[in-house]
Amino acid sequence: MTVVVEELGSRSRAVMPGGVNSPVRAFTAVGGDPPFVVSGKGAHLRTVEGREFVDFIASWGGQILGHADPEVVQAVTEAAMRGTSFGVTTPAEVELAELVRELVPSMEMMRMVNSGTEATMSALRLARAATGRSGVLVFEGCYHGHGDPFLVRAGSGLAMFGVPSSPGVPPEVTSLTRLARYNDLASVATLLEGGGVAAVVVEPVAGNMGCVPPVPGFLEGLRRLCDQTGTLLVFDEVMTGFRVARGGAQSLYEVTPDLTTLGKVAAGATPGALYGGRADLMRMVSPDGPVYQAGTMSGNPLVTAAAMATLNRLTDDLYERFDAAGERMAAELRRVAGQAGHPIVVNYVGGMIGVFLGVEQVRSWDDVAELDRGLFARFFHAALDRGVLVPPSPYETWFLMEAHLGDVLDRAIENIGAALQETLR
């Protein structure tokens, strides 16, 4: 560790918990000192020390084109020169909403907010108002932001109500949250018995326990169960929206939710998000209806500019290229692990990749909960030593950007394979 990194680390820990503004950045799952990044360009990040890494964090999925994409930078720069925030509606907000509705037809109406957490909290409030129910059903291993109802862990059994997973979250709040097993419709049916659940909230492709796709029939089954019980189906596409397909996971799997939350790519990797769905539901939101939600910075000019510049660049061909890239990476990792006699699962959907060392299958949180964190930490640092930055946790998804595709990806796959080979010796 250089003097400058040591000094920055000390200064950051003195003014920010753990020296970071989001916990995973602290590298607690892999050890070592997290880098301080000063710039990004294309598929690469540059640190304060001048080191350069091929980046597969991609702002946790938000960057789909590449860092400092010239068209996005130009759009944001021009918007900033006209003013960064007005607190009054702009034409760009209307244009962005129209474009999102075109790409995601289930979002007949929508509201812009500032983060994925805010979007999911707002969607749940609306679902509770629309149904007159208080309960919410979520899935172990999925993540919907740090709102109180979503910070839960299982009780004594899977069918029990959730208990807080963080101090400061009242048990009275999480007692309304029910935890099901991802890809397990029977657990969902059990928890919906007796009513009282306003919404089933799900990542249609789980991305916060690594990339875990839905098994055939799972999303369709959720739609059916929700229809049978009068429960609203909410797709949390903050990660998957525009990441796995132009119309999100709901277009890829042809299942239509009642409400959808978007963020990350939908905001052009800026601090913005959206929630929306059926017009009859969204017209319940103030000022059309009684459900209150507001935000000074919602739909600000910088976000709308970045979002439009990004979404207008997305093509079906890009997702086909992502799938091809994911297959190439999976093939190399499986080859290396196979030669070492070590089990591995590599999933990929569009621009999302999940790498699971030491397991035979991954369908739910039960399959990944006992991953060997020490093994992953060794792999992480072996890749870092070779100039490749992957997410610093065995439970996080890797992300592709358009800027990866080509020679950059060729070299990265070679280095990732060598890192895994070294780890499994």
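Hi everyone, let's start at one residue: Arg386 is partly exposed, with a relative accessible area of 30%. Here, buried means under 20% relative accessible area, exposed means over 50%, and partly exposed is in between, with a 1.4 Å probe and protein chains only as cover. What you see above is a predicted model, where local features need pLDDT of at least 70 and side-chain atom pairs count only at pLDDT 80 or more, while totals for chains, interfaces and linings use all residues. Residues are numbered from 1 along each chain as its sequence is written, and side-chain values use heavy atoms, leaving out hydrogens and water.

So who is the partner of Arg386 in its salt bridge? That partner is Glu422, and the closest N and O atoms of the two are 2.8 Å apart. Arg386 sits in the loop between α13 (373-385) and β15, and Glu422 belongs to helix α14 (residues 407-423), so this pair ties together parts that are 36 residues apart in sequence. Glu422 is also partly exposed, at 35% relative accessibility.

Two terms before we go on. A salt bridge is a side-chain nitrogen of Lys or Arg within 4 Å of a carboxyl oxygen of Asp or Glu. Helices (H or I, at least four residues) and strands (E, at least two) are DSSP runs, numbered from the N terminus.

How many salt bridges does the structure hold? There are 15. Please find Asp227, which pairs with Arg223, their closest N and O atoms lying 2.9 Å apart. Both are in helix α7 (residues 218-229), and because they are four residues apart there, about one helical turn separates them. Is Asp227 buried or exposed? Asp227 is exposed, at 51% relative accessible area, whereas Arg223 counts as buried at 15%.

Now over to helix α11. There Glu332 forms a salt bridge with Arg335, the closest N and O atoms being 2.8 Å apart. These two are three residues apart in the helix, so again about one helical turn separates them. Glu332 is buried, with 19% relative accessible area, and Arg335 is partly exposed at 40%.

Patch residues have over 30% relative accessible area and no salt bridge; like charges are joined within 9 Å, and nonpolar side chains (Val, Leu, Ile, Met, Phe, Trp, Tyr) within 5 Å.

Val4, Val38 and Val48 make up about 200 Å² of surface, an area that comes from the Shrake-Rupley method with a 1.4 Å probe. Of these, Val38 is in strand β1 (residues 37-41) and is exposed, at 53% relative accessible area.

Let's finish with two buried residues in loops. Thr231 is found between α7 and β10 (232-237), and counts as buried at 3% relative accessibility. Thr231 and Asp258 are 27 residues apart in sequence, and their C-alpha atoms are 9.4 Å apart in space. Ser393 lies in the loop between β15 (388-389) and β16 (398-399), buried at 8% relative accessible area. A polar atom of the Ser393 side chain is 3.1 Å from the backbone nitrogen of Tyr395.

Technical notes. A polar contact is a pair of N or O atoms within 3.5 Å; within protein, one must be able to donate a hydrogen and the other to accept it, and residues adjacent in sequence count only if both atoms are side-chain atoms.
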